[in-house]
Amino acid sequence: MTVALLAMSHSPLLEHGDPGPEIKAEVESAFEAARNFVHEYDPDVIINFGPDHYNGFFYQLMPAFCIGYDAVSIGDYGSQAGQLNVPRDIAQGLAEFVIKRGIDIAISLKMEVDHGAVQPMEIMYGDITAKPFIPVFINSVAPPFTPLQRVRLLGEAIGEYLKTLDKKVLLIASGGLSHDPPVPRLATATEEQRRMLIGADGQQTPEARAARQQRVYDTADAFARGEANIKDLAPEWDQELMKILASGDLSPIDSWTPEEMTEIAGNSSHEVRTWIAAYAALGAIGTYTVQYSYYRPIREYIAGFGVTTAVLDK
Ligand SMILES: O=C(O)/C=C/c1cccc(O)c1O
Ligand SMILES: [Fe+2]
């Protein structure tokens, strides 16, 4: 068994927003560094920690965590749609192991995932089916949120399971860092949005989806001009988190509350749960070193944008 990690922000605005040629080149070079790392490592299987934005998980039934035994990408924001290549035996072994450790994870035999889960695969491989892929959903958008300590314990339980596998595993975390895109929220939803958040009418119509995505594009443009009514990015918070994750001791994060995370870093800052789980999984296997780290707050992408890779120490 060997394990390595890639944690990166995602944004559906990568093709839409224009932060200027220098920042674009900088982000592309971060992706290139990550791509080189991932291709050189060449995993047998990927454990993918991803959020969802009311495309696969709804308030009809919102688990804190879920492992997919089978999954399909719905293709929002032009992301690649279709069936993922999920190794059912490993996904099931993982879920059963984690549940025995006292982590009440849900399972899905028909998980639907969105850009938040598949964007790293698209950027790393150009194809979401390129590698066996186990989707681990972590609720990062729909309050109430489970305490961060539970996320750390989930990650640690997954790391313990990986010790029993004779495979080369890549942990991918997709999300964060500070950001506050205009994803509808129950607390402020219109009746139509409320039905969407509950999943009352199934998947959104193409027209409703287009309107939702246009709202995000318009907000990103306004945010870049300094005119949007969303929370600003929080680079100090982002960098503090990245420092803690790189240190190998994640315990300081246990006391962070969802309320203060929202207040400081925005409604979608909870996507950092994916990073915390992935780093906790790696740390449960052994001490590690962050090999590559990139960060920049990018308003055009509505994201504190980070990319890190890490390996176990020899
Ligand atoms: O509209 C959505 O579903 C999400 C948009 C978004 C925007 C910026 C950064 C992210 O992580 C997002 O998911
Ligand atoms: Fe997101």
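The following passage describes the fold, the annotated residues and the ligand surroundings of one protein chain.

The structure is a predicted model, in which local features need pLDDT of at least 70 and side-chain atom pairs count only at pLDDT 80 or more, whereas totals for chains, interfaces and linings use all residues. Residues are numbered from 1 along each chain as its sequence is written, and chains are lettered from A and ligands numbered from 1 in the order in which they are written.

The secondary structure of the protein chain amounts to 9 helices and 11 strands; these are DSSP runs numbered from the N terminus, with helices (H or I) of at least four residues and strands (E) of at least two. The C-alpha trace spans about 50 × 45 × 40 Å along its principal axes. For 314 residues, a compact globule would have a radius of gyration near 20 Å, and the 18 Å of the protein chain agrees with this; the radius is taken over C-alpha atoms, and the globule rule is 2.2 Å times the number of residues to the power 0.38. Of the 314 residues, 47% count as buried. A residue is buried if 20 or more other C-beta atoms, placed from the backbone, lie within 10 Å of its own, exposed if 12 or fewer do, and partly exposed in between. Among contacts with a separation of 6 or more, 84% link residues 24 or more positions apart, a contact being a pair of residues whose C-beta atoms, placed from the backbone, lie within 7 Å.

Strand E8 (residues 133–138) is mostly covered, as 6 of its 6 residues are buried. In a regular strand the side chains alternate between the two faces of the sheet. From E8, Phe 133, Pro 135 and Phe 137 point one way, while Ile 134, Val 136 and Ile 138 point the other way. Pairing of two strands requires at least two bridges found by DSSP. Strand E2 (residues 45–50) pairs with E8 in the parallel sense over 5 bridges, with Phe 49 opposite Val 136. Strand E3 (residues 65–68) pairs with E8 in the antiparallel sense over 3 bridges, and here Phe 65 stands opposite Ile 138.

An open sheet of 3 strands has the order E5-E4-E7 and mixed pairing. Strands E5 (82–83) and E7 (111–113) stand at its edges with a single partner strand each, so one side of each is left without a neighbour in the sheet. Strand E4 (residues 71–73) runs parallel to E7 and is joined to it by 3 bridges; Ser 73 stands opposite Val 113 in E7.

The unreviewed UniProt entry annotates His 115 and His 179 as "active site"; such annotations may be inferred rather than shown by experiment, and their positions are given in the numbering used here, with feature names shortened. His 115 belongs to helix H3 (residues 115–125) and counts as buried, with 25 C-beta neighbours inside 10 Å. Leaving aside residues up to four places away in sequence, His 115 touches His 10, Pro 12, Asp 76, Tyr 77 and Ser 79. His 179 lies in the loop between strand E9 (168–174) and helix H5 (191–198) and is buried, with 31 other C-beta atoms within 10 Å. Beyond residues up to four places away in sequence, the contacts of His 179 include Leu 233, Gly 266, Ser 268 and Ile 302.

Terms used:
Two residues are in contact if their C-beta atoms, placed from the backbone, lie within 7 Å.
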